[in-house]
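Please look over the sequence and the three-dimensional structure shown below. The paragraphs that follow lead through some of its features step by step.

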Amino acid sequence: MSTDSNTGTGLLRQPAEALYVEELEELRKHDNDRIPAGWNLSPRAVLTYITGGTAGKKVITPKYIGNNRLVEIAIATLVTDRALLLIGEPGTAKSWLSENLAAAVCGDSGLVVQGTAGTTEEQVRYSWNYAMLLANGPTPEALVRSPIMRAMDTGRIARFEEVSRSASEVQDALISILSEKTIVVPELGAETGAKKGFSMIATANTRDKGVNEMSAALKRRFNIVVLPSPADLETEVEIVKKRVAEIASAYDLQAALPADEAFRKVVTVFRELRSGMTLDRKEKVKSPGGVISTAEAISLLTNGMALAASFGSGELSDEDLAAGLQGAIVKDDAKDALVWKEYLDQIMKKRGSEWRGLYQACRELNG
């Protein structure tokens, strides 16, 4: 095995427990509160890790910027035997919060089931190594444990992303697991019971309502925390700036971080198109058909830095921003293009000299 594999360097994306390993170690060293069975940190230390603070002389960076009370409710849920369901619009950091909660609680955020239309019940419970099954019949060695089963075995946090995108039979399988805290393997005449520390964090997208609506029975197995979109412009700008800086560092983008003005312009455009109203509440604007989330603002600015580094001066230009805005907003062809052109001419054009360069770059792309 290479050195890179051991240290995590060279990976395109490191899990939270590797990315913030120094912070987690300092929190453990200075954690004097009671630590629940199966946890690595006390609830207060987990809160500090998520919302920011200090551990000794170490500054703990905030992983989630928003209502701290919601984070407290989420952590308190995991202390009990209740599962946690994070619900919100796209880009409200559901997956990011889920990953970091698992990293802080048990040091392993990788026990994940990704909910899709193709997710099967076997991915929730267990499956078999069919070569071994045919050769020797059902044996413990032939059993392939799902991430949830492994979390139960070891008393860790299992994560289920986009649970509402899974078929009803997959969701039904979760009901018995969350109720009984066991998975029965009848072929072996055995069962796996959850060790202390086991819990589940699921996420669900409000835009997926009607895809595979969660049953009332399944919802009752969760404590539900609704994550709102950033409350105001300044909060969203802070979130975007933080994540862009982290991603640019991880990818080693050879470009300067965007100026504060660029962050504010992108977030302003996104918030206005998302809400259907200018920030000063004086004019209505039409909204495009697609999602315009905080996550997309982060991606737009990160891609703009890549453009500037690869084909520009290394500094984000209005042309780089315009290209990103065009791709993020115009997704439903004709309709979104009309909405975007109207916004440019009715709103952005009238904002004066500081917006003129971005307006002209956007109009050039729109013909």
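Lys-241 and Asp-260 form a salt bridge through their side chains, with a distance of 3.0 Å from N to O. Lys-241 belongs to helix α12 and Asp-260 to helix α13, so the pair ties together parts that are 19 residues apart in sequence. The structure discussed here is a predicted model. Lys-241 is partly exposed, at 31% relative accessible area, and Asp-260 is partly exposed as well, at 46%.

A further salt bridge joins Glu-236 to Arg-271, where the closest N and O atoms are 2.7 Å apart. Glu-236 is part of helix α12 and Arg-271 part of helix α13 (residues 260-275), so this pair ties together parts that are 35 residues apart in sequence. Are these two partners buried or exposed? Glu-236 has a relative accessibility of 0% and therefore counts as buried. Arg-271, at 14%, also counts as buried, because the limit for a buried residue is under 20% relative accessible area.

Glu-246 is partly exposed, with a relative accessible area of 22%. Salt bridges with shared partners also join Glu-236, Arg-271 and Arg-274 into one network. In total, the structure holds 20 salt bridges.

Helix α12 also takes part in the largest pocket. This pocket has a volume of about 1200 Å³. It is lined by 46 residues, of which Arg-13, Trp-96, Arg-243, Ile-247 and Ile-298 are the closest to its centre. Which helix supplies the largest share of the lining? That share, nine residues, comes from α12. Helices α6 (94-106), α12 (233-251) and α14 (294-311) each supply at least two residues. By type, the lining residues divide into 20 nonpolar, 17 polar and nine charged.

Most residues other than glycine have a negative phi. Ala-93, however, has a positive phi near 70 degrees. Ala-93 is found in the loop between β3 (83-88) and α6, and its relative accessibility of 26% makes it partly exposed. Glu-162 likewise has a positive phi, near 55 degrees. Its place is in the loop between β7 (157-161) and α10 (168-180). With a relative accessibility of 17%, Glu-162 counts as buried.

Methods
Residues numbered from 1 in each chain as written. Predicted model: local features only at pLDDT ≥ 70, side-chain atom pairs only at ≥ 80, totals over all residues. Heavy atoms only, no water. 1 Å grid on protein atoms, 1.4 Å probe; cavity = no way out; pocket = protein on both sides within 12 Å on 5 of 7 lines; lining within 4 Å. Points joined across faces, edges and corners; volume = space filled by probe spheres on them. Helix = DSSP H or I, 4+ residues; strand = E, 2+ residues; numbered from the N terminus. Nonpolar A, V, L, I, M, F, W, Y, C, P; charged D, E, K, R; others polar. Buried < 20%, exposed > 50% of the residue type's maximum accessible area, 1.4 Å probe, protein only. Salt bridge = Lys/Arg side-chain N within 4 Å of Asp/Glu carboxyl O.
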